[in-house]
Amino acid sequence: MLFISGETSYCDVRYLPIVSAYARKLGVVEAVDRACPRSRGISAGRVALALILDTLSGRTPLYLLPKTFEDLDTELLLGERIEASELNDDAVGRVLDMIADAGSGSILTTVALKAGRIFCLDGSRVHHDTTSHSVYGDYDLYNEANQTHPFEIKKGFSKARRPDLKQFVQSLVCIDSGIPVLSKLKDGNASDKKINGEVLDLIGEYMRKFGPKSFVYVADSALITKSNLTLMSDGETRCPFVSRLPLTYNECKQAIHRAVVQGRWTDFGIISPQFPSRKRKAAHYHGFETGVLLYDHSYRVLVVHSDVYDERRMKKLERMLQDDCTAMTDTKTQLEKIEFACRPDAEAALSRIDKGRFHEMVGEIREVPKYGPGRTKHYGPRKPKRFVYRLNLDIKPKVDQIAAAEEEAGCFVLITNVPQEGPEGIESKDLLTIYKAQDAVERNFGFLKDPSIVNSLFLKKPQRIEALGLILVLALMIWRLMERTMRAALDRTQSTIPGWDRKPTSRPTSLMMTTEFHSITVVRTGSDRFLGKPLNPTQRQYVACLGLPEDVFTNPYTTLRPAIPKGLRSWETTG
């Protein structure tokens, strides 16, 4: 809060000056202002920065933005002394329209390219995925004549499990530790398969702007279609890729079965960089290399087995085992009721018993005497009139088959056109590591859909939703860059920093950092600023890992010095 006493003011800025320093280094304000020249009032870039700061401090409804900043030092955070009332909903709406008209994609590209140069981002691995965003309201906007909406909000397959709501689909491309560099909003019923094809059409030229001569495209199983595989296999448009082969392909099931039968697994060990805990077991992986033929093209596949079985597939296997046992039990009950007139008939029936997939029926033939009518005599044994034969059956599990099925249930298959050897070769374990890094995009979607950040979308025009999408992606970029910078700094010095519960960690998160700066009071007297209370040792450690001097909380023009991962040099440094 902002307190004013005479000419002295006090405000709690928390960690927001750190966010501002990163936005300033990325040139967010300048990129937006170049695309949206100021016509009147506050510049579009300052409004965009205010929205980013609001997003990363728990976004409030847009009409409450002035209330958010009335207690803050706008010169320190926005680089210009601005009255909070200038950040009203009219100004925000005008800026969102300007961003939409200028093209949110071009602004994101400008900022992403600068991030690539400053932070020396590794573009050799490109991760893509999609998600759906549900919205409330009818959004009947597409019957208008000459409508030019960038995408249609309509019902489609809801990944949020809200089929009752209309939605739009977001496509996101990330590199190096989940840094977003490309984002597109698509129609609510857009197919992931077609979206992958559209991304493939432009990703080669787009990634050349980031420097790498070649890259590997990583996506989920929606990538694997005939048209996409043909596009990635052709000479001119060839694109190295790694994806997951869907179980709907017989080739996938055959590869898994071949791996389990041959049993020549390569031990990959634990590849997760996170330490296991009592509640979270780290998966142990094994791999088996083979090949498949799809649409007249040969592909390298890696069958991967995890000891942390896929819960959904294990439940399916359990149902199959139960169904198989139930069917065998019903058969056993029916067969044991039958009386055979002779042993050969019983033996024939025993030999004809169908064997279940996971259970088998074994048994013996029992001879049963049949007596004539009358009472039992008191002397001598009673002579049977005839004999019939019955089956005594027992159900036994097929231990080997069940073990193989359980092993197959813990398997998935990666498909790629990248060779194992040669200049562009990738070893099996590295192939798995590359694919598992796909979870960075999924975590980004968790960020973009977090209710505390996004809230519900109440913007009426798709153009404004697209512009707000740019704000959210820029906020995500800064969030991930802060995280990456801290980890790179600790990796260089082989040190740790206090994390959750004060436990030392070498992999701090941005959220972890923000909790250390829950209250930072800045005192302003005239043009001078100073901290009401000095930073504690842990706060100083975090500020240093972020590549910032301690005056970031008092100097609106503080310069960021990002930490570069080992073995990489900044593009700015190398010229």
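Student: Between which two strands is the loop in which Asp 501 is found?
Tutor: This is a predicted model, in which local features need pLDDT of at least 70, side-chain atom pairs count only at pLDDT 80 or more, and totals for chains, interfaces and linings use all residues. Residues are numbered from 1 along each chain as its sequence is written, and side-chain values use heavy atoms, with hydrogens and water left out. Helices (H or I, at least four residues) and strands (E, at least two) are DSSP runs numbered from the N terminus, and the loop with Asp 501 runs between strand 14 (497–498) and strand 15 (504–505).

Student: Does Asp 501 count as buried or exposed?
Tutor: The classes rest on relative accessible area, with buried under 20%, exposed over 50% and partly exposed in between (1.4 Å probe, protein chains only). Because its relative accessibility is 67%, Asp 501 counts as exposed.

Student: Which residue in strand 16 stands opposite Ser 9?
Tutor: Two strands pair if DSSP finds at least two bridges between them. Within strand 16, the residue opposite Ser 9 is Arg 524.

Student: Which residue in the turn between strand 16 and strand 17 has a positive phi?
Tutor: Strand 16 also pairs with strand 17 (residues 528–531), in the antiparallel sense and over 4 bridges, with Thr 525 opposite Asp 528. These two strands form a hairpin with 2 residues between them, and the turn residue with a positive phi, about 65°, is Gly 526.

Student: What is the relative accessibility of Ala 23?
Tutor: Ala 23 lies in helix 1 (residues 16–26). Not counting residues up to four places away in sequence, Ala 23 touches Val 28, Leu 49 and Ile 478. Ala 23 counts as buried because its relative accessibility is 3%.

Student: What radius of gyration does the chain have?
Tutor: The radius is taken over C-alpha atoms, and the globule rule is 2.2 Å times the number of residues to the power 0.38. Along its principal axes the C-alpha trace spans about 125 × 60 × 60 Å. Whereas a compact globule of 575 residues would have a radius near 25 Å, the chain has 33 Å.

Student: What share of the contacts with a separation of 6 or more comes from residues 24 or more positions apart?
Tutor: The chain holds 20 helices and 17 strands, and 48% of its 575 residues count as buried. Among contacts with a separation of 6 or more, residues 24 or more positions apart account for 70%.

Definitions and conventions:
Contact means heavy atoms within 4.5 Å.
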